[in-house]
Amino acid sequence: MLRQMIFLAGLVGISLAAGCSPLADVGRRPDFNPTTDGNQYHAMGYSGMPASLEAETPSGASSLWSGGRQSLLGDRRANRQGDILTVVIEIDESAEISNATDRSRSGSQSMQVPSLFGIPQRIDRDLPEGASMAEAVDLGSNSSSGGAGSVRRNEELTLRIAATVIEVLPNGVLRIEGSQEVRVNFELRELLVTGYVRPEDISRQNEITYDKIANARISYGGRGQITDVQQPRYGQQIADIILPF
């Protein structure tokens, strides 16, 4: 009876814990993260002066071609907090490293005492049959070791994502941050990118490639039913950490 009560108590504990575990997501599609909070939302809500309200110089006011951002020839590249630019991620890299080591060592030592004032002959009488002091010491050693290793990696990723200027540093460098979520059936794909860019590295199309982003952090992953199946179970992960073999 006591064992049954303990078993039922364990089932109740597991059921209560399921409220905050993946079991609560059974039969449900993964939800999007809210877009009304975070750094991007607050940066775009920055109460800076809009480009259309920027004061023009007297000469610019009378010019046929205005230099404002809204004009035909205006510079529309992101350079202020809240501006949006496109990050182009085209990664096609491969690396292969191979190394091998081989080491061997051998040595031998021998010491013979065929005669020393007749002492070896006297000792031979008391030794077991077949033993002799003629070859008192004969040592030999041989050791060898070898190792080989190789690393092969191939990565290919082509993505485009809109990022927001979160902050303009005192030296003019822009801190950007972007996120993108795409849900297909019960799988949600997430793309995150952060880093620092120089305004002069932004192209006239208001785009910048990933290799010009300093301290870049790019994450491409997901969550959902397929991702859950690909991950090892919690018990297996704990066993891999605890078990020494």
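# Briefing on a predicted protein chain

Leaving aside residues up to four places away in sequence, Ala-148 touches Asn-99 and Ala-100. The structure is a predicted model, and its protein chain holds 6 helices and 6 strands. Read from the N terminus on, the elements follow the order α-α-α-β-α-β-β-β-β-β-α-α.

**The chain as a whole**

- Of the 245 residues that make up the protein chain, 17% count as buried.
- The accessible surface of the protein chain comes to about 18900 Å², and carbon and sulfur atoms account for 54% of that surface.
- When contacts between residues at least 6 apart in sequence are considered, 66% of them join residues at least 24 apart.

- Ala-148 lies in strand β2, which covers residues 137-168, and Ala-148 counts as exposed because its relative accessible area of 73% is over 50%.
- Although Ala-148 and Asn-99 are 49 residues apart in sequence, their C-alpha atoms are 5.8 Å apart in space.
- Thr-164 also lies in strand β2, but this residue is buried, with a relative accessible area of 2%.
- Not counting residues up to four places away in sequence, the residues that Thr-164 touches include Gln-40, Ala-43 and Met-44, as well as Gly-82, Asp-83 and Ile-84, and also Arg-175, Ile-176 and Glu-177.

**Paired strands**

- Strand β3, made of residues 174-184, and strand β4, made of residues 187-197, pair in the antiparallel sense over 11 bridges, and within this pairing the bridge partner of Ser-179 is Leu-192 in β4.
- The hairpin of β3 and β4 has 2 residues between the strands, and in this hairpin Asn-185 takes a positive phi near 55 degrees.
- Strand β4 also pairs in the antiparallel sense with strand β6, residues 214-224, over 9 bridges, and here Glu-187 stands opposite Gly-224 in β6.

**Salt bridges**

- Side chains of opposite charge can pair when their charged atoms come close.
- A search of the whole structure finds 9 salt bridges.
- One of them joins the side chains of Arg-80 and Asp-83, with a distance of 3.8 Å from N to O; Arg-80 is partly exposed, with a relative accessible area of 25%, whereas Asp-83 is buried, with a relative accessible area of 12%.
- Another salt bridge is formed by the side chains of Arg-152 and Glu-96, at 3.1 Å from N to O, and this pair links distant parts of the chain, with Arg-152 in strand β2 and Glu-96 in strand β1 (residues 84-111), 56 residues apart.
- Both partners of that pair count as exposed, Arg-152 at 69% relative accessibility and Glu-96 at 57% relative accessibility.
- Arg-198 forms a salt bridge with Asp-201, in which the closest N and O atoms are 2.9 Å apart, and salt bridges that share partners join Arg-198, Glu-200 and Asp-201 into one network.

- Ile-238, Ile-241 and Ile-242 make a nonpolar surface patch of about 360 Å².
- Ile-238 is found in helix α6, which covers residues 234-242, and this residue counts as partly exposed at 48% relative accessibility.

Methods: Residues are numbered from 1 along each chain as its sequence is written. This is a predicted model: local features need pLDDT of at least 70, side-chain atom pairs count only at pLDDT 80 or more; totals for chains, interfaces and linings use all residues. Side-chain values use heavy atoms; hydrogens and water are left out. Helices (H or I, at least four residues) and strands (E, at least two) are DSSP runs, numbered from the N terminus. Buried means under 20% relative accessible area, exposed over 50%, partly exposed in between (1.4 Å probe, protein chains only). Contact means heavy atoms within 4.5 Å. Patches are made of residues with over 30% relative accessible area and no salt bridge: like charges are joined within 9 Å, nonpolar side chains (Val, Leu, Ile, Met, Phe, Trp, Tyr) within 5 Å. Accessible areas come from the Shrake-Rupley method with a 1.4 Å probe; for residues, only the protein chains shown count as cover. A salt bridge is a side-chain nitrogen of Lys or Arg within 4 Å of a carboxyl oxygen of Asp or Glu. Two strands pair if DSSP finds at least two bridges between them.
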